[in-house]
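Take a look at the fold, then read on.

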Amino acid sequence: MNSLLKKIKACKICKAHLPYAPKPILNFNSNAKIMIVGQAPGTKAHESGLPWNDKSGDRLRDWLGVTNEEFYNPNFFAIVPMGFCYPGKGKTGDLPPRTECAEAWMQKILKELKNIEVIITIGIYSQKYFLDTQGSVTENVKQWKKFAPKFFPLPHPSPRNNIWLKKNMWFEKKILPELKKKINAIMT
């Protein structure tokens with residue numbers, strides 16, 4: 001496993017398409033029981049080298065009911081985005097994750113993660129890849145039981161999604177308690 005992570009961290013597949021030098025940001029080991037699959041690192045994660053090192057990460061940890069120490073412990077969490085490097089800025093936010101990462105590495109990573117009990121898919125890119133769905137994020141999150149027990153779809157925890165959260169108050173009232181219960185059961 002360490003050799004796979006080292007190979008990925010040295011990856012330069014999409015070098016020509018990135019605004020900065022490649023810097024794959026992910027973390028996993030074979031003991032992990034929970035896999036978090038988001039989109040791609042943002043600028044703060046790129047600068048620090050730490051995934052989910054921003055307000056989105058703060059909200060995600062709150063949604064999961066875990067501390068920073070628990071979240072960054074690879075014995076609990078495998079943090080593997082769909083795109084491993086910061087993809088650059090678009091008109092309304094960051095660009096979509098580069099597809100080369102998932103094509104080259106995702107199946108190899110999944111073969112190594114034999115202890116995963118739940119995969120949390122954050123946003124449409126991971127949901128399309130893992131859930132074999134054409135539904136929207138809202139539809140996928142509403143139908144989370146359809147994907148359980150192996151998968152748990154979530155919206156992106158970005159502050160940019162505050163409007164979505166206000167329009168979909170059921171998410172925090174009905175879905176988050178179920179998510180926290182599941183994570184707590186796995187970690188204890």
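What follows covers the sheet, the helices packed on it, and the cysteines.

A quick word on ground rules: this is a predicted model, where local features need pLDDT of at least 70 and side-chain atom pairs count only at pLDDT 80 or more, while totals for chains, interfaces and linings use all residues. Residues are numbered from 1 along each chain as its sequence is written, and side-chain values use heavy atoms, leaving out hydrogens and water.

**The sheet**

Let's begin with the strands. There are 4 of them in an open sheet, ordered β2-β1-β3-β4, with parallel pairing. At the edges sit β2 (77–79) and β4 (151–154), each pairing on one side only. From one strand to the next, the twist averages 20 degrees. Strands here (E, at least two residues) and helices (H or I, at least four) are DSSP runs, numbered from the N terminus. Two strands pair if DSSP finds at least two bridges between them. In general, strands of a sheet pair through backbone hydrogen bonds, either parallel or antiparallel.

Here's how the pairs line up, with one facing couple from each:

| Strand pair | Bridges | Residues facing each other |
|---|---|---|
| β1 and β2 | 3 bridges | Isoleucine 36 and isoleucine 79 |
| β1 and β3 | 4 bridges | Valine 37 and threonine 121 |
| β3 and β4 | 4 bridges | Isoleucine 122 and leucine 154 |

Isoleucine 120 also has a β4 residue opposite, namely phenylalanine 152.

Buried means under 20% relative accessible area, with exposed being over 50% and partly exposed in between (1.4 Å probe, protein chains only).

Contact means heavy atoms within 4.5 Å. Helix α10 (residues 170–187) lies across β1, β2, β3 and β4, running at about 140 degrees to β4. Axes are lines fitted to C-alpha atoms, for helices over the stretch in contact, and angles run from 0 to 180 degrees between N-to-C directions.

Helix α10 also meets α3 (residues 55–64): their axes come within 7 Å and cross at roughly 75 degrees. So α3 is roughly perpendicular to α10, a label for angles of 65 to 115 degrees. The residues from α3 are Asp62, Trp63 and Leu64, while α10 brings Phe171, Glu172, Leu176, Leu179, Lys180 and Ile183.

**The cysteines**

How many disulfides does the structure hold? The count is 0, where a disulfide is a pair of cysteine sulfur atoms within 2.5 Å. Cysteine 11 is in no disulfide, and the nearest cysteine sulfur, in cysteine 101, is 5.9 Å away. Cysteine 11 counts as buried because its relative accessibility is 12%. For cysteine 85, the closest cysteine sulfur belongs to cysteine 14 at 5.0 Å, which is too far for a bond. With 6% relative accessibility, cysteine 85 counts as buried as well.

Technical notes:
Angles under 35 degrees count as roughly parallel, over 145 as roughly antiparallel, 65 to 115 as roughly perpendicular and the rest as oblique.
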